[in-house]
Number of protein chains: 2
Amino acid sequence: MAITHTQREEWQARAKQYLDRAGLILTPQEQKDIEIADLGLGEFEQTGLALVVYINTARVCAKELVLLPGQTCPQHLHPPVNGQPGKEETFRCRMGEVYQYVSGEPTSNPKAKPPKGREHTYNVWREIVLHPGEQYTIMPETWHWFQGGPQGAVVSEFSTRSSDEYDLFTDPEIRRAPEVVG
Amino acid sequence: MAITHTQREEWQARAKQYLDRAGLILTPQEQKDIEIADLGLGEFEQTGLALVVYINTARVCAKELVLLPGQTCPQHLHPPVNGQPGKEETFRCRMGEVYQYVSGEPTSNPKAKPPKGREHTYNVWREIVLHPGEQYTIMPETWHWFQGGPQGAVVSEFSTRSSDEYDLFTDPEIRRAPEVVG
């Protein structure tokens, strides 16, 4: 189900509020281009995120990610692409709190809960909690997912080239493709 | 001439003020580690910059750069290193104003003046002025330099690996080496 123009504009405006709270300034064009990614599930407030892509060349990518309170970027992995190692990402929290999960020793009593009805698609539980100014680097081919805390989150991502269409998701219903607006 | 501990702490505190103004949050350790680079000239307030390195792996680097009002990061170029293409950098202004100069058609009446006595080491004059939210990408092997505007500047840098020791500077007196504190 495609996102409607009205929904998209509402969510863009919400994302902008979080970016403002983080003190991050966008150009008018960047504001219009804020990407609303629902990953094809049509449940944006549960599964999805908003993105501002600053740059994405053959070698370098930088973005801001915006998560609503409790919103989840679902479990995925960056495989090698065209003979190059997979995407390497550093996430730096700028505002709010973000709960990250990666493969490794599971954390007892994790802070996040996976989106309802999709719990079976989440199976890595090593928790890293990031507050503003804290960061964590995810090397290629590491399963990971993350969720916004009670105030949502703004997270800067510094990475190698982003080629989302190659990402592998645990949830077979997910489609990470260019945004479709209905 | 090495920077004294007292000078270093003073300049770190000033850099921290600019980062605060940009709304950028650092951990206590990052605050202590703010790099004060005078490039060996011993004239930090004219030629130099302060840096916060968030991450620098084999593939990705992200930093914040802080420029005092009128302070100049001198003309340099990133050559290929170990068979890899040179460093590619995107500069995104977060606070203040930054004047960038790259090779190309010279701009008449440029806003910046090179540091006194070193004018002969500046010879690229295509000007790009960046305000908060604006950015510019410099591809490898492009001569470039930049200067903070009247309020100074905070600039986010997104790039491939940073290996400053390989940078080429127009000014033969410049030494870009790990910081020495006297």
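A salt bridge is counted here where a side-chain nitrogen of Lys or Arg lies within 4 Å of a carboxyl oxygen of Asp or Glu. In this predicted model, A:Glu30 and B:Arg92 form such a bridge, with their closest N and O atoms 2.7 Å apart. Four salt bridges are found across the interface of chain A and chain B. Over all chains, the structure holds 18.

A further bridge links B:Arg94 to A:Glu64. Here the closest N and O atoms are 3.3 Å apart. B:Arg94 lies in strand β5 (residues 89-102) of chain B, and A:Glu64 lies in strand β3 of chain A, so the pair joins two chains.

Polar contacts were also counted between the chains. Between chain A and chain B, 16 residue pairs are in polar contact, with both residues at pLDDT 80 or more. Several strands of chain A supply the side that touches chain B. At least two residues each come from β2 (49-56), β3 (61-67), β5 (89-102), β7 (135-138) and β8 (144-159). The largest share, three residues, comes from β5(A). By class, this side of chain A has 13 nonpolar, ten polar and seven charged residues.

Chain A gives 30 residues to the contact, and chain B gives 30 residues. The area buried between the two chains is about 2300 Å². Carbon and sulfur atoms give 53% of that area. In chain A, the residues that lose the most area to chain B are A:Arg59, A:Arg94 and A:Phe158. Together they account for 26% of what that side buries.

The largest pocket holds about 780 Å³ of space. Its lining comprises 30 residues. Nearest its centre lie A:Arg59, A:Gln84, B:Arg59, B:Gln84 and B:Thr160. By class, the lining of the largest pocket divides into ten nonpolar, twelve polar and eight charged residues.

Technical notes
Residues are numbered from 1 along each chain as its sequence is written. Chains are lettered from A and ligands numbered from 1 in the order in which they are written. This is a predicted model: local features need pLDDT of at least 70, side-chain atom pairs count only at pLDDT 80 or more; totals for chains, interfaces and linings use all residues. Side-chain values use heavy atoms; hydrogens and water are left out. Contact means heavy atoms within 4.5 Å. Buried area is the accessible area (1.4 Å probe) that two parts lose on being put together, summed over both. A polar contact is a pair of N or O atoms within 3.5 Å; within protein, one must be able to donate a hydrogen and the other to accept it, and residues adjacent in sequence count only if both atoms are side-chain atoms. Helices (H or I, at least four residues) and strands (E, at least two) are DSSP runs, numbered from the N terminus. Ala, Val, Leu, Ile, Met, Phe, Trp, Tyr, Cys and Pro count as nonpolar, Asp, Glu, Lys and Arg as charged, and the others, Gly among them, as polar. On a 1 Å grid over the protein atoms alone, a cavity is a set of points where a 1.4 Å probe fits but cannot get out, and a pocket is an open set with protein on both sides within 12 Å along at least five of seven lines; lining residues have an atom within 4 Å of a point. Grid points are joined across faces, edges and corners, and a volume is the space filled by probe spheres set on the points.
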